[in-house]
Amino acid sequence: MKTQEQVQAVLCLVLFILAVSGCKSELEKSMPRLYPCAIEIVNKGTPVADVNVVLMGDESVQQLSMGGVTDAEGVARINTMRGSFIGKGVPQGEYKITLNKKIEITGTKTSIELADMSTAERKKYQEDMKASVNRMEEEKRLIPVIVQSGQTTPLEVSVTPGGGELLNIDLSEIK
């Protein structure tokens with residue numbers, strides 16, 4: 001008797017897994033086919049991390065957001081988003097590329113934390129924060145202003161079904 005119950009439980013589990021794995025949300029079903037797209041950002045051959053890479057297409061993909069952030073190797077793997085759905089890749093088409101440096105300030109202190117610090121600790125904290133801001137401003141200047149807007153960027157990529165090549169962009173070559 002116990003064996004029959006175990007078999008039934010396993011069968012129910014298998015049927016449930018098959019049913020769930022075959023279900024796609026309406027949002028996912030309405031998405032166009034996506035193709036791999038990766039973009040490498042370097043400056044004089046050195047990878048640049050934390051660059052927001054955004055692709056802008058024609059009106060056929062207006063309802064979609066396409067982008068990624070470069071990793072430590074300077075590579076952004078581009079995903080497509082609509083609502084809560086995120087898919088790997090990009091629909092076939094021609095796209096303009098915009099770049100912006102992702103800026104994060106970490107290690108900030110509250111006024112209460114600052115009040116609890118000694119004068120020497122506060123001075124060191126202020127020097128560290130100033131150095132962080134200067135470093136971020138320097139990193140932000142790596143990205144030429146011309147590529148920060150979809151209206152002015154000369155950067156483009158063509159995504160094709162047979163694609164998947166890594167597009168290399170050297171910031172030092174952008175005028």
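What pLDDT does the protein average, and what percentage of the residues score at least 70? The average is 84, and 83% of the residues reach a score of at least 70, where pLDDT is the predictor's confidence in each residue on a scale from 0 to 100. The model is predicted, and for that reason local features need a pLDDT of at least 70 and side-chain atom pairs count only at pLDDT 80 or more, whereas totals for chains, interfaces and linings use all residues. Residues are numbered from 1 along each chain as its sequence is written, and side-chain values use heavy atoms, with hydrogens and water left out.

The protein contains four helices and ten strands, assigned as DSSP runs numbered from the N terminus (helices, H or I, at least four residues; strands, E, at least two). Their order from the N terminus is α-α-β-β-β-β-β-β-β-β-α-α-β-β. Confidence is lowest in helix α1 (residues 2-21), with a mean of 54, and highest in strand β5 (residues 75-77), at 97. Of the contacts with a separation of 6 or more, 67% join residues 24 or more positions apart, contact being defined as heavy atoms within 4.5 Å.

Buried residues make up 30% of the 175 residues; buried means under 20% relative accessible area, exposed over 50% and partly exposed in between (1.4 Å probe, protein chains only). The largest nonpolar core has 27 residues, among which Ile39, Ile41, Val53, Leu55, Ile78, Ile97 and Leu99 touch the most other members. Two or more residues of this core come from each of β1 (38-43), β3 (51-56), β8 (93-101) and β9 (156-159). Such a core is a set of buried Ala, Val, Leu, Ile, Met, Phe, Trp, Tyr and Cys residues joined through side-chain atoms within 4.5 Å. Beyond residues up to four places away in sequence, Ile78 touches residues including Cys37, Ile39, Val53, Leu55 and Met66.

Asp170, in strand β10 (residues 166-170), is buried yet has no salt bridge, the nearest side chain of opposite charge being that of Lys44, 8.1 Å away. A salt bridge requires a side-chain nitrogen of Lys or Arg within 4 Å of a carboxyl oxygen of Asp or Glu. With neighbours within four places in sequence left aside, Asp170 is in contact with Val42, Asn43, Lys44 and Gly45.

Lys44 itself lies in the loop between β1 and β2 (46-47), and counts as exposed because its relative accessibility is 69%. Its phi is near 55°, a positive value in a residue other than glycine. Most residues other than glycine have a negative phi.

How values were computed
Lys and Arg count as positive and Asp and Glu as negative; His and the chain ends are not counted.
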